[in-house]
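This report concerns charged side chains and the contacts between them. The sequence and the structure are shown below.

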Amino acid sequence: MRVTQHGDPGDDDLLFVLGWGNEPGHRSVEWLLDRLTYEGYHVHAVELPTNGWEFERQYVSPVRAYAVDRDIDLVLSHSTGGLVAAHLDLAVRNVFLSPWWGTAVSGLAALLFPLVSRLPTTKPIVPSGISREDLGELKLAAELADVPANASPAFLRMIRGAQASLPPFRPDDVVFASLSDRVVDVRAIGDRTPASNLVPYDGGHELFASEGRERTLSTVLDALDGADASSLRANGADAADSADGTERPQPTD
């Protein structure tokens, strides 16, 4: 696990648990970090191992210890980070972006996936099958090249176990999900998340690499600020400005 800090240390602390293969230096991730720090957050960005095999020891415990040591009470997470954040068992507000609570497989792959994940090896031999289009229109090819092309059976087995042992959903948490997501299982998100806590958005798996990210960002910021999902859906994700009239910084890419 690697943590980098962004913004003014005097601002409100926000733990941001990144997804599989995401790095703070990626242009799309950096865009989100810049917006969060502009809004007054001191962001602790957590990079997770991409080929672990012990979920509690290698993922959950280090992140939990980091958050507790710094008394962090607000967590944003994406994809694999959302799976980790759900297991932290912290009395904090969580905002999830496309959490990996189920794996999107179908057809023959759905039959083979349970078998492949049982293979006793940590060698990455299973193609991820993730394309640039799946992640978002603004995803750079260089960023995709940093994401592992393959996953190990041990890693997939660990993920399946973590998905099967998810703790109860916390009523104050908010989940953002795209119905067109082809990376994670949208149905698994829907099965776990009460309708009143779910906010849909237009885009790919990475909200921050999707063309509509400026519109959606305003809603994410409201969720971090404590708004409930029902009011977020009522207000919509089309407003590029904040409720107090402050204009959000515009993208430069």
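Are Glu-206 and Lys-139 buried or exposed? Glu-206 is buried, and Lys-139 is buried as well; buried denotes under 20% relative accessible area, exposed over 50% and partly exposed the range in between, with a 1.4 Å probe and protein chains only.

The model is predicted, so local features need pLDDT of at least 70 and side-chain atom pairs pLDDT 80 or more, whereas totals for chains, interfaces and linings use all residues. Residues are numbered from 1 along each chain as its sequence is written, and side-chain values use heavy atoms, without hydrogens and water.

A salt bridge requires a side-chain nitrogen of Lys or Arg within 4 Å of a carboxyl oxygen of Asp or Glu. By this rule there are eight salt bridges, among them the following.

| Salt bridge | N to O distance |
|---|---|
| Arg-64 and Glu-56 | 3.0 Å |
| Glu-143 and Lys-139 | 3.5 Å |
| Glu-206 and Lys-139 | 3.1 Å |

Shared partners join Lys-139, Glu-143 and Glu-206 into one network of salt bridges. Glu-143 is buried too.

In the other tabulated pair, Arg-64 is partly exposed at 24% relative accessibility, and Glu-56 is partly exposed at 41%.

Glu-214 belongs to helix α9 (residues 213–224), a helix being a DSSP run of H or I with at least four residues, and a strand a run of E with at least two, numbered from the N terminus. Glu-214 is buried, with a relative accessible area of 11%. Its side chain makes a polar contact with the side chain of Arg-35 at 2.9 Å; such a contact is a pair of N or O atoms within 3.5 Å, and within protein one must be able to donate a hydrogen and the other to accept it, while residues adjacent in sequence count only if both atoms are side-chain atoms.
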